[in-house]
Amino acid sequence: MRILEGEKVTKYFGGLAAVSEVDFSVEQGEIFGLIGPNGAGKTTLFNLISGAFTPKSGVIKFKGKKISGLKPYKICRMGMARTFQEVKIFGGVPAIENVSLGALFGGPKAMSTAQATKEAGELLDFVGFTVPKNIPAGGLTLVNQKRVEIARALATKADMLLLDEVMAGLTPTETAEAMELVKRIRDRGFTVFMIEHVMKAIMGVCDRIMVLHHGEKIADGTPQEIATSKKVIEVYLGE
Amino acid sequence: MEHFLSIFIGGLLIGGIYSLVSMGLSLQYGVAKVLNIAHGEFLMIGAFLTFVLQQNGVDPLLTVVIIAPLMFIVGFIIYRTIFTTIRLKASNPGVFESNALLAAFGLYFIVQNIGRLIWGTTPQSYSYLPGTVSLGGALFNDSRLVAAAFAIAVGAAFYLYLARARTGKAIRAAAQDPTTAGLMGVNINNTLALCFGFGAAMAGVAGALISVCYPISTTMGLGYTVIAIVVITLGGLGSIPGSFIGGFILGVIGTAVTSWDAGLSVASYYVIFVILLLVRPKGLFGK
Amino acid sequence: MNFSKINWKKNAIIWGIPLVGVILLSFFPQYGSAYWVTRLSYFLMYIILAVAWTIFSGATGYISLASSAFFGVGIYAAALLGESMPLIFVVLIGGAASFVLAFIFGAITLRLRGIYFAMFTFGLVLLFKELIYYYEITVEGLRGRFVVLQSNDTIYYYLLGIFVVTMIAAYFMRRSKFGLALRSIGQNEEAAAHTGVNVTMVKILTFAVSAIFMGAAGVVMATKWTYVDPGVAFNLMISFTPVLMAIFGGMGNIYGPVIGAVLFTYIQEVLTTGDLKNYYMLIFGAVLIGAIVFMPNGLMGVIQKLVGLVRKWRKGGSVEQNANT
């Protein structure tokens with residue numbers, strides 16, 4: 001079943017097309033990768049899907065309902081959560097409350113603070129967060145901030161997760177752990193849509209991959225198809 | 001028609017001074033990121049220093065030679081002590097802007113209080129170039145024409161300096177991206193302090209020019225600050241040419257409203273300001 | 001919160017001390033002098049304003065300079081309605097009118113980035129003042145209005161009541177999920193929006209709720225001043241003083257603005273009545289700058305740091321970081 005689909009999605013920035021007539025679809029339960037050189041429009045596409053931007057033209061549907069043009073909090077409550085390329089956590093708020101905010105506000109139904117805190121604690125354990133949970137998130141290491149961000153997204157009880165370069169800036173060991181985590185998240189029933197620059201990671205975990213270049217889709221398919229696509233190799237080596 | 005023309009010319013004359021005041025604030029806010037609510041207080045100090053010197057026989061236009069460097073030094077020191085500390089302690093640019101705004105309010109209280117302690121609250125004025133010229137069917141004081149011409153000349157000279165000189169380039173680089181400018185060898189703290197100093201100097205010069213043709217009082221500052229805020233919003237925050245043109249636009253609008261009902265002129269500035277913020281926060285000339 | 005182990009000692013401190021304080025304050029007019037009742041009224045007024053301001057601005061970092069607009073709405077409510085109905089209704093109406101006004105202005109302006117919001121709220125107060133002056137002079141041909149006078153004790157009890165309600169509201173705001181949402185907005189608005197928080201609504205509602213207390217305080221204070229005009233009602237100092245008090249006291253803790261307000265009201269009184277009268281604004285400005293430069297977390301921040309250091313020194317263990325927002 002298609003959980004997310006986009007039809008001729010277009011967004012301009014001052015006359016330049018950041019995303020141009022991109023069609024895509026993500027199947028329920030898969031890990032879908034999005035790659036492309038810098039400035040290809042990957043994060044812009046995420047911003048369009050999550051409601052930070054409204055597309056100039058084209059339609060985005062989530063679980064069969066049109067979401068393009070809706071406010072971010074509404075899209076979040078419909079079951080779509082995200083992380084950010086440059087981690088956006090609540091620095092002065094304890095790690096656990098960063099996560100419980102997701103449970104309290106992002107979920108489909110209301111819950112008590114105690115329940116939200118309990119769930120937040122479990123999710124922090126799930127993502128491999130091992131330091132004390134009441135430390136203000138601003139003082140954490142990058143990898144732990146990213147864990148908090150992922151746990152916060154998971155706490156919203158989303159069906160789909162948009163992960164924007166979760167592996168950027170991590171050590172090789174941390175990257176390997178993050179790959180494992182992405183798989184475990186999928187096994188928990190989430191659909192994952194991820195932007196990634198670390199090729200080994202994206203080839204290793206994704207079921208399908210889409211390639212953007214200058215705002216246009218130039219390829220999509222299985223990792224093998226992408227790795228052998230002439231066009232994709234040209235774009236990457238030709239840069 | 002003649003009435004309309006005289007309003008227009010009158011507006012341009014006062015607009016020249018508004019431009020100068022606003023260019024100063026534009027540097028302070030656009031580059032140094034301090035929305036200096038005390039801007040008009042520096043103007044007030046400039047006006048009163050000119051008044052004092054004039055009373056002692058100095059030509060008011062000549063006082064600029066003393067006032068501009070003096071205000072510059074005061075502004076530079078204030079930035080280098082208070083605002084640099086706040087900037088270095090702030091966790092992000094937003095926090096700096098808010099804290100700097102509050103500190104600027106503190107400055108406003110201090111400078112105004114000093115002005116009141118020295119000069120009291122009675123309005124003062126003196127006579128300079130009492131002749132008149134007929135323009136577009138209405139009479140204008142020579143002093144107003146001279147003050148406006150002087151303001152425009154200072155504004156234009158400063159603009160050229162920013163566009164051409166080496167320091168001007170450093171200032172523009174700092175306005176674009178302080179971190180990168182710092183990496184390229186620009187002494188960022190000094191460059192920002194320079195902008196703040198230039199802003200204070202321009203306020204001082206504008207004050208001197210205002211004293212030439214209008215009565216002055218120690219409570220005059222805030223009104224000009226508000227005008228400058230409206231103008232830089234109109235011209236686009238941080239845009240020097242925008243503030244220059246914006247000053248004339250507000251001068252004309254203000255003069256028109258005043259001629260209709262003087263009680264509404266200040267309110268009209270706020271209305272313009274409020275509408276601009278809501279409809280076009282980038283300003284008329286903003287990118 | 002762990003409900004299975006209720007910390008009685010902690011609860012006694014959280015609820016017991018304030019309760020005793022309020023009881024003592026409520027008997028004060030019986031044994032205190034009339035002079036002190038009046039002085040305490042001013043303390044209460046500033047505490048209400050500072051705490052109410054902190055409810056919204058302290059958590060979100062949006063600096064509102066509109067306090068005096070809401071306070072002024074209360075003052076005008078008292079001037080216009082004071083004769084025709086009992087004070088309690090005027091207080092409720094003044095609070096409600098401030099809520100509505102803040103809601104409308106919040107809806108228009110809270111889309112604006114931080115500094116624009118501060119500028120806008122600042123302009124708002126001045127615009128109100130100008131327009132009402134203009135209206136009173138040109139349309140009604142008068143300047144200023146009389147307000148029905150209330151006894152000092154009545155004013156005191158009303159302010160005490162509003163103070164208690166404000167403190168309770170601030171306390172629960174801070175502890176509730178609403179408070180968490182507000183602090184998250186203050187830290188990163190975009191992330192909060194993508195985590196399901198209806199950012200616009202939370203901001204507008206809190207802004208409007210905080211205005212209720214300011215408006216209510218304005219109603220009560222107007223009955224003390226008996227004669228008001230737009231210059232009194234929309235006095236910019238009423239916008240700035242609570243900001244300074246909150247910053248000075250520290251906003252990371254509910255008692256910060258209270259301590260800031262108490263200290264500052266006292267300093268203000270000493271300065272404005274003594275020999276230093278002419279230097280009041282100068283000292284006010286210097287303290288404002290000093291507080292921002294040297295104590296970004298306020299007095300409570302300094303105290304918490306000291307307490308932390310003492311504990312660390314005594315236990316030799318690690319100390320939890322202070323997270324003052």
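Residues are numbered from 1 along each chain as its sequence is written, and chains are lettered from A and ligands numbered from 1 in the order in which they are written.

View 1. A residue counts as buried if 20 or more other C-beta atoms lie within 10 Å of its own, as exposed if 12 or fewer do, and as partly exposed in between, with C-beta atoms placed from the backbone. Look at both faces of β3(A): I31(A), G33(A) and I35(A) are buried on one side, and F32(A) and L34(A) are buried on the other. Strand β3(A) runs parallel to β8(A), with 4 bridges joining the two, and F32(A) stands opposite F193(A) of β8(A). Strand β3(A) is also parallel to β9(A), again through 4 bridges, and here G33(A) stands opposite I209(A). Strands (E, at least two residues) and helices (H or I, at least four) are DSSP runs, numbered from the N terminus.

**View 2. The open sheet of chain A.** Follow the 6 strands in the order β6-β7-β8-β3-β9-β10, and you trace an open sheet with mixed pairing. Two strands pair if DSSP finds at least two bridges between them. At the edges are β6 (80-82) and β10 (216-221) of chain A, each pairing on one side only. From one strand to the next, the twist averages 20 degrees. Strand β6(A) and strand β7 (residues 160-164) of chain A run parallel and are joined by 3 bridges; M80(A) has M160(A) in β7(A) as its bridge partner.

**View 3. A helix packed on the sheet.** Helix α1 (residues 42-50) of chain A packs on the sheet and touches β3 (31-35), β6, β7, β8 (191-195) and β9 (208-213) of chain A. The direction of α1(A) makes about 150 degrees with that of β7(A). Axes are lines fitted to C-alpha atoms, for helices over the stretch in contact, and angles between N-to-C directions run from 0 to 180 degrees.

**View 4. Two helices of chain C side by side.** Helix α2 (residues 34-60) and helix α9 (residues 199-225) of chain C pack at an angle of about 170 degrees, and their axes are 9 Å apart. That makes α2(C) roughly antiparallel to α9(C); angles under 35 degrees count as roughly parallel, over 145 as roughly antiparallel, 65 to 115 as roughly perpendicular and the rest as oblique. Residues of α2(C) in the contact include M45(C), W53(C) and F56(C), and those of α9(C) include F207(C), F213(C) and M221(C). Two residues are in contact if their C-beta atoms, placed from the backbone, lie within 7 Å.

**View 5. Two crossing helices of chain B.** Helix α5 (residues 142-164) and helix α6 (residues 166-176) of chain B have axes that come within 5 Å and cross at roughly 80 degrees. The two helices, α5(B) and α6(B), are therefore roughly perpendicular to each other. Meeting here are Y161(B), L162(B), A163(B) and R164(B) of α5(B) with G168(B), I171(B) and R172(B) of α6(B).

**View 6. Where chain C meets chain B.** Among the 2 pairs of chains that touch, chains B and C make the most contacts. The contact takes 33 residues from chain C and 33 residues from chain B. On the chain C side, α5 (114-139), α11 (236-249) and α13 (280-294) each give two or more residues, and α5(C) gives the most, with 14 residues.

**View 7. Where chain C meets chain A.** Here 21 residues of chain C are in contact with 27 residues of chain A. Helices α7 (177-187) and α8 (189-194) of chain C each supply at least two residues to this side, with α7(C) giving the most, 6 residues. No contact joins chain A and chain B, whose closest C-alpha atoms lie 10 Å apart.

View 8. Where pLDDT is low, the predicted coordinates should not be read in detail. For chain C, the mean pLDDT is 87, and 94% of its residues reach 70 or more.

Key:
This is a predicted model: local features need pLDDT of at least 70, side-chain atom pairs count only at pLDDT 80 or more; totals for chains, interfaces and linings use all residues. pLDDT is the predictor's confidence in each residue, from 0 to 100.
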